[in-house]
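Here is a short briefing on aromatic pairs and helix packing. Look over the structure, then read the points below.

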Amino acid sequence: NMEIIQAVVEAAKKHNSAVILQVSKSALKYAHPAYLKAMVEAAVAETGLDIALHLDHGADFEICKECIEAGFTSVMFDGSHFDYEENVAKTKEIVDYAHSKGVVVEAELGKLAGVEDEVKVDAANATYTDPDQAVDFVKRTGVDSLAIAIGTSHGAYKFKGEAKLDFDRLKTITEKLEAAGFHNYPIVLHGASSVDQNAVETCNKYG
């Protein structure tokens, strides 16, 4: 909402930092893409900061398209609940459409446990990202960044216990992408807000 935009942008201004404002499904329902875009434009005009407007966990092509048409700078399509081939196909469709409009796309492979908005995955159904699949997925979809599952969790669920992060898996995925010609490929870590800062540094170190 407006107050959250103001607070985040005020903090970014203090540090003269560019910032990504990320929109959840609930925020989208509540405010609609055009209103959110207009508020962000007001923030840019007032501060002169570089502000990216990103859709988080877009559920389908239509939601992603609506945000792209409204002028979002990037969208995330979360097809992690589909089987692998369907996730590839749906992600590719969105990537092709978004790229034709100059918009970048994030996708997700593997499932994080937790509850956030309408994303609900119990621990038993959480799956870690397969490194070989990650490379194949990036190759076949042309996606600009990839959210992977290495043991973090979404939303309120994350306060139920300590995150056990699979750094080796992260390192392997980064190395395999590098070997496949994807240099400095952007890997995204969801559910990191309660992760210890030292662990965040290690994640950054491994890409």
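Is Y84 buried or exposed? Y84 is buried, with a relative accessible area of 17%. The model is predicted.

**Aromatic pair F61–Y97**

- F61 and Y97 pair edge-to-face, at 5.5 Å centre to centre and with 65° between the planes.
- F61 belongs to helix α4 (residues 61–70) and Y97 to helix α5 (residues 84–100), so the pair links parts that are 36 residues apart in sequence.
- F61 is partly exposed, at a relative accessible area of 21%.
- Y97 is buried, at 18%.

**Aromatic pair Y84–F137**

- Y84 and F137 form a tilted pair. Their centres are 6.2 Å apart, and the angle between the planes is 50°.
- Y84 sits in helix α5 and F137 in helix α6 (residues 131–141), so this pair ties together parts that are 53 residues apart in sequence.
- F137 is buried, with a relative accessibility of 0%.

**Lysine over a ring**

- K90 lies over the face of F82. The distance from the ring centre is 4.9 Å.

**Helix contact α5–α6**

- Two packed helices are described by the angle between their axes and the distance between the axes.
- For α5 and α6, the angle is about 35° and the axes are 9 Å apart.
- The crossing of α5 and α6 is right-handed.
- From α5, the contact involves Y84, E85, N87, V88, T91, K92 and V95. From α6, it involves Q133, D136, F137, R140 and T141.
- By class, the residues of this contact are four nonpolar, four polar and four charged.
- Both members of the tilted pair, Y84 and F137, are among the residues that meet here.

**Helix contact α3–α4**

- The axes of α3 (residues 33–47) and α4 come within 9 Å. They cross at roughly 40°.
- This crossing, of α3 and α4, is right-handed.
- P33, A34 and K37 of α3 make the contact with E66, C67 and A70 of α4.
- The residues of the α3–α4 contact divide into four nonpolar, no polar and two charged.

Conventions:
Residues numbered from 1 in each chain as written. Predicted model: local features only at pLDDT ≥ 70, side-chain atom pairs only at ≥ 80, totals over all residues. Heavy atoms only, no water. Phe/Tyr/Trp six-rings, centres within 6.5 Å; stacked < 30°, edge-to-face > 60°. Helix = DSSP H or I, 4+ residues; strand = E, 2+ residues; numbered from the N terminus. Buried < 20%, exposed > 50% of the residue type's maximum accessible area, 1.4 Å probe, protein only. Lys NZ or Arg CZ within 6 Å of the ring centre and 35° of its normal. Axes fitted to C-alpha atoms, helices over the stretch in contact; angles between N-to-C directions. Left-handed = near helix turned anticlockwise from the far one by under 90°. Contact = heavy atoms within 4.5 Å. Nonpolar A, V, L, I, M, F, W, Y, C, P; charged D, E, K, R; others polar.
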